[in-house]
Amino acid sequence: MRPPRDRRPPVALEFRATAAGRRTVYVVHPGALAAQVHHGLADALPEGDGLTVLDLGALDEYARAALNGGRADTTVEALAGRLLAAMEPVRVPYTLAGWSFGGVLALAMAQAMPAERRPERLVLLDSIAPAEEYKQPDEALEPDLLLGWFAMYLGAKRGRPIGLAPEALTGRGTDDGLPVVLDAAVAAGALLPDTPLPGLRKLYDTYVDGLLRNNRLTAPYRPAPAPLPLVLVQADGSLVPDDPTLGWTPLAPQGGQRGGGGGSEGSRSSVLSSKCLTPGVSWRSPSPI
């Protein structure tokens with residue numbers, strides 16, 4: 001009898017091979033959207049540079065937590081170890097980047113490495129720092145905030161940005177706010193007019209469970225300061241648009257740069273990171289963290 005086939009996707013996905021003597025970019029992908037969103041980044045990198053995506057969604061212990069109420073039977077440190085193993089053999093020189101919650105994992109990975117194996121750059125793409133003052137209990141994630149984030153996610157998933165003013169959801173709960181998101185998504189062409197509200201509610205609940213999983217993984221994590229300078233990139237349409245540091249200042253004793261470069265939830269991984277992942281490439285509005 002044949003052994004059962006392992007149908008899990010690989011954790012490390014090589015989107016473009018690295019030419020001899022060129023740099024490899026490793027991106028920790030948080031798994032909410034398909035890893036294929038990074039194809040644009042592969043095309044935008046300098047000639048010869050390679051791209052490998054480390055997909056958190058391919059780790060069973062991480063993916064399952066979004067399907068069981070956000071309860072994760074793992075830790076940030078354990079997940080970082082899994083990703084480091086998936087990187088082997090590491091192609092040097094290289095840049096390590098993390099998108100959203102992937103930035104927390106990228107920091108943990110850099111801290112777990114011996115100095116001689118660390119990346120040239122540690123790039124954080126719209127990633128909120130795991131600093132104590134930025135950690136929030138689950139109940140602090142109000143429905144109107146979650147619904148706004150869900151609308152951004154939905155627009156990115158469908159490739160159709162959803163124009164939804166923040167005040168449209170202010171004070172709304174899930175039951176009366178989700179129809180507002182549905183109407184805006186239909187108007188933007190992100191959903192069909194006959195999309196059933198119960199089906200959208202199921203997708204929303206899974207999305208929120210994924211956020212709760214990340215929140216609960218971050219809560220007990222106590223990172224040491226970053227062992228190398230940071231590059232922080234915040235896109236237009238950021239989850240926290242009014243904070244230019246996203247909490248990284250106390251974790252960046254060696255300094256770094258921050259800036260923005262346009263784009264939205266679905267495009268930041270390609271448009272923004274192609275400008276900041278490679279040393280020597282200038283990008284808009286650099287300033288100290």
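## Basis

The model is predicted: local features need pLDDT of at least 70, side-chain atom pairs count only at pLDDT 80 or more, and totals for chains, interfaces and linings use all residues. Residues are numbered from 1 along each chain as its sequence is written, and side-chain values use heavy atoms, with hydrogens and water left out.

## Helix H5

Helices (H or I, at least four residues) and strands (E, at least two) are DSSP runs, numbered from the N terminus. H5 covers residues 143–158, 16 residues in total. From first C-alpha to last it reaches 22 Å, close to the 22 Å expected at 1.5 Å a residue, where the expected span is 1.5 Å times one less than the number of residues.

Among the buried residues of H5 are Trp 149, Phe 150 and Tyr 153; buried means under 20% relative accessible area, exposed over 50%, partly exposed in between (1.4 Å probe, protein chains only). Just after H5, Gly 159 takes a positive phi of about 70°.

## Salt bridges

The structure holds 10 salt bridges, each a side-chain nitrogen of Lys or Arg within 4 Å of a carboxyl oxygen of Asp or Glu. Glu 132, Lys 135 and Arg 222 are linked in a network of them. The closest N and O atoms are 2.8 Å apart between Glu 132 and Lys 135, and 3.3 Å apart between Glu 132 and Arg 222. The latter pair links distant parts of the chain, 90 residues apart. Glu 132 is partly exposed at 44%, Lys 135 is buried at 18%, and Arg 222 is exposed at 55%.

In helix H7, Arg 201 and Asp 205 lie 4 residues apart, about one turn of the helix. Their salt bridge has its closest N and O atoms 3.0 Å apart.
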